[in-house]
Amino acid sequence: MRYLLMIMTVMLLLLSACQNEENEPQSPSPTPTVSPRVLVLTPEQYAHGGGTLIEQVIEAAGGVNAAHDLNDFAQIADFQILDLNPDIILFSSTWTQDQIDTWVTADVYASLPAIQNHHVYQLDFSLADNDLTQNFDKRVATLSELFNRP
């Protein structure tokens, strides 16, 4: 009889604990953050693919290299850029403002999220490996700021 009372007491305590958990307000689940897909282009329409130092900078800044599946440094066609569907386009420092203006207003690119959301930027630094290596943290900070613009 004593064991039966102990078992019933434990069951009541467990039931009470379960009810309290159900009544506690649930904290909202965190909103997942989505890393922007970033494409880096030269005026000759070369993209910096997987394994490049700029890819490491992009990833350290919270982005994803849209051209990751390309080998190193590859020239890409318009249809490939459309397939990559970047959220952000970074133009190398060798672009002129006229070249950028012409590129971003071309009808072929109008459907890209980067164009629609005005997330196109010209880099103010060299993409040469020695510059990226020597200034890695500074370049990461620059890209991180760009990636977090509304």
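Modeller: Gladly, and please keep in mind that this is a predicted model. Let's start with Leu41, which, beyond its neighbours within four places in sequence, is in contact with Tyr46, Ala47, Ile76, Ile81, Ile89, Leu90, Phe91, Ser92, Trp95 and Trp103.

Colleague: Which residues have the most contacts inside the largest nonpolar core?

Modeller: They are Leu39, Leu41, Ile76, Ile81, Ile89 and Trp103, in a core of 20 residues. Two or more residues each come from β1 (37–41), α3, β5, α4 (97–104) and α5. The largest share, three residues, is that of α4. Apart from this core lies another, of 18 residues, including Ile88, Leu127, Leu132 and Phe147.

Colleague: Why is His119 called buried?

Modeller: Its relative accessibility is 12%, and buried means under 20%, so His119 counts as buried. The residue sits in the loop between α5 (113–116) and β6 (120–122).

Colleague: How do you know that the side chain of His119 reaches the backbone oxygen of Pro150?

Modeller: The distance is 3.3 Å. The cut-off for a polar contact is 3.5 Å, so that pair falls within it. Leaving aside neighbours within four places in sequence, His119 is in contact with Asp87, Ile88, Ile89, Ala114, Arg149 and Pro150.

Colleague: And why is Pro86 called buried?

Modeller: Pro86 has a relative accessible area of 0%, and the limit is under 20%, so Pro86 is buried. Pro86 lies in the loop between α3 (78–84) and β5 (88–91). Beyond four places in sequence, its contacts are Arg37, Leu39, Ala66, Ile81, Leu112, Pro113 and Ala114.

Colleague: What makes β1 and β3 a pair?

Modeller: Pairing takes at least two bridges, and β1 and β3 have two, in the parallel sense, so they pair. Val38 has Asn65 in β3 as its bridge partner. Four bridges join β1 to β5, which also run parallel, and there Val40 has Leu90 in β5 as its partner.

Colleague: How many residues of β1 are buried?

Modeller: Four of its five, which is why β1 can be described as mostly covered.

Colleague: What covers the buried residues of α2?

Modeller: The cover includes β1, β2 (46–48), β3 (64–65), α6 (129–134) and α7 (136–147). The buried residues of this helix, which spans residues 53–60, are Leu53, Ile54, Glu55, Val57 and Ile58. Just after α2, Gly62 takes a positive phi of about 100°.

Colleague: Where does pLDDT stay under 50?

Modeller: Over residues 1–15, for which the model has zero contacts beyond four places in sequence, and over residues 28–32, again with zero such contacts. Where pLDDT is low, the predicted coordinates should not be read in detail. For the protein chain, the average pLDDT is 85, and 79% of the residues score at least 70.

Conventions: Residues are numbered from 1 along each chain as its sequence is written. This is a predicted model: local features need pLDDT of at least 70, side-chain atom pairs count only at pLDDT 80 or more; totals for chains, interfaces and linings use all residues. Side-chain values use heavy atoms; hydrogens and water are left out. Buried means under 20% relative accessible area, exposed over 50%, partly exposed in between (1.4 Å probe, protein chains only). A polar contact is a pair of N or O atoms within 3.5 Å; within protein, one must be able to donate a hydrogen and the other to accept it, and residues adjacent in sequence count only if both atoms are side-chain atoms. Contact means heavy atoms within 4.5 Å. A nonpolar core is a set of buried Ala, Val, Leu, Ile, Met, Phe, Trp, Tyr and Cys residues joined through side-chain atoms within 4.5 Å. pLDDT is the predictor's confidence in each residue, from 0 to 100.
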